[in-house]
Amino acid sequence: MKTLRLNSKNKNDLITAADILRNGGLVAIPTETVYGLAANALDGEAVKEIFIAKGRPNDNPLIVHVASLEEIAPLVEEVDPRLYDLAEKYWPGPLTVILKKSDAIPDEVSAGLDTVAIRMPSHPDAREIIRLSGKPLAAPSANASGRPSPTSVDHVITDLDGRIDAVIDGGICSVGVESTVVTLATTPPTLLRPGGITVEQLEAVLGKISVSPAVLEQLKEGEKAESPGMKYKHYAPKARVTIVKGNFESYKKFLLAQKHSACAVCFDGEGKYFENYIEYGAENDGASQAHGLFEALRKVDESGCETAFVRCPIIDGVGLAVYNRLIRSAAFRVIDLDISIPVIGLTGQTGAGKSTVALLLEENGIYNIDTDLLARKAVENPEVIASLADYFGNDIIVDGVLDRRELARRAFSDPVKQKKLNATVHPEVTRLAVEEIHNAEKSGAKAVLIDAALLFESDLTSICSFTVTVVADKEIRLERIMRRDSISKDDALIRMNAQKDEKYYTENADIVIQNNGENINDEIKKIIGKL
Ligand code: TXA
Ligand code: MG
């Protein structure tokens, strides 16, 4: 199918679009929130085509768009008087209201529910097309299902060219995130999806409303989504997105210490510090972040980065909508860098006595994080497993469990593959480490220790307040290793020579601890003094 390109500045193009819609076709239209993929809402067959073009799950209902209040009565069982109150204040605009539906609404639109979602958009082109077609229009966002919603005609074309009859260019969408969805079919009314109209604005008309748990949290296994759309993975670029809470200084330090190609998705004016960056709006300005969000998420993929770290919006007002979309694009991954206790990174060559130092620090009340355990936990994460299986082959999973030995065999034979393995596992280890730091913080620890042989090769330095390396004379290390592991001198030397030299460790560390067996307590004081 050839997708017709229409322009809203041309009156004939609007008439063409309305004709296509009346004849059961699909047209992508601009609205003030995002572009919508429209069909005649009263024509079940036409509506079916929307689901096919988008690849949308059939159980996810659509919003019906109208241009005037008079169009609503035939679509609903009863016009709730509160609808008029809401309409007076916020329509036309980025608000969708759910009411009990009438029989005029085909099952395809309501996906089998007994309710219907109605919205009166404010975009002049959307209004004109509804008026010219003379029909209410069912229109989900005009993206391929799962992708970020489209805020420009180019986004629509990228996702749906050749799959729909026409697209109308009406410029960039001003709001940038989809409408607020509130249902009047519950008591009290419930916010199902945050958007351009805020909770405060709704409550000014409706009184206290409840907020669906799905707005901010991941639904638990088997939990029912009041709004089916909220249960699907959404807005997700191919890159692994993580939200980063905390101030800009800690974000900057965190990003600059990343070892893998990471994209900084940050606020206006912050990008200059990073090699790969996308700015998505002004800090403390939810409306401007909403406007730039989906374009930014699409650009993440164009950047080619494997990971993206997004500055966290303020979760309030329109920012609630921004956060709601981001948390889904991040598969609910959040790193909170607002850490109030010192984090010590500890490393050293084999036999230098790193574990002895760790033990002494623990005796001083410092909480020790076991990074080997975190690395094992990281590869138990279903998403990490899926991503590894994607790259290394499904047969590295045996009975749902990762065959770590086979994975290692495949990865370590090839530097490119090893890099891929690290880029998948390291960020998850870092995320888990931060989670554990917060737990330690809560349990009253005065500092945290991250003990890692490959500290400087990992991203863990990005969360350390300072780093410590333990060194010892070569002969002493040799003897320690032979004794500790009951191995021959030659085998011990092989292990020692496989590691980087002492200079590498001392140059990268903030504090160097001599551990030849004497004065170790004095050396420990160097660390304690820095806390
Ligand atoms: O801003 C918008 O709302 C855009 C533009 C095009 O108007 N449309 C849009 O539609 O975002 P869509 O289909 O991408 O999202 C509609 C959301 C979904 O989460 C869906 O599950 C929910 O509204 N929804 C629709 N009808 C519903 C109903 N009867 N009950 C509960 N949720 C409903
Ligand atoms: Mg959508």
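I count two strands as paired if DSSP finds at least two bridges between them. The model is predicted.

Entry 1, the sheet. I looked up the pair β22 and β23: four bridges join β22 (residues 466-471) to β23, and the two strands run parallel. For Val471, I found that the bridge partner in β23 is Gln514. I then noted the open sheet of five strands, ordered β18-β21-β17-β22-β23 with parallel pairing. β18 (366-370) and β23 (511-514) stand at the edges with a single partner strand each, so one side of each has no neighbour in the sheet.

I found helix α12 (residues 371-378) lying across β18 and β21 (447-451), at about 40° to β18. Helix α19 (residues 520-528) touches β17 (343-348), β18, β22 and β23, and its direction makes about 165° with that of β23.

I looked up α1 (residues 11-22) and α5 (residues 124-133), which pack at about 55° with axes 8 Å apart. That angle makes α1 oblique to α5. The crossing is right-handed. The residues of this contact comprise six nonpolar, one polar and four charged.

I located Pro313 in the loop between β15 (307-311) and α10 (319-329). Is Pro313 buried or exposed? Its relative accessible area is 4%, so I record Pro313 as buried. Beyond four places in sequence, its contacts include Phe267, Tyr280 and Leu326. I also noted 9.2 Å between the C-alpha atoms of Pro313 and Ile243, which are 70 residues apart along the chain.

How values were computed: Residues numbered from 1 in each chain as written. Chains lettered and ligands numbered in written order. Predicted model: local features only at pLDDT ≥ 70, side-chain atom pairs only at ≥ 80, totals over all residues. Heavy atoms only, no water. Axes fitted to C-alpha atoms, helices over the stretch in contact; angles between N-to-C directions. Parallel < 35°, antiparallel > 145°, perpendicular 65-115°, else oblique. Left-handed = near helix turned anticlockwise from the far one by under 90°. Nonpolar A, V, L, I, M, F, W, Y, C, P; charged D, E, K, R; others polar. Buried < 20%, exposed > 50% of the residue type's maximum accessible area, 1.4 Å probe, protein only. Contact = heavy atoms within 4.5 Å.
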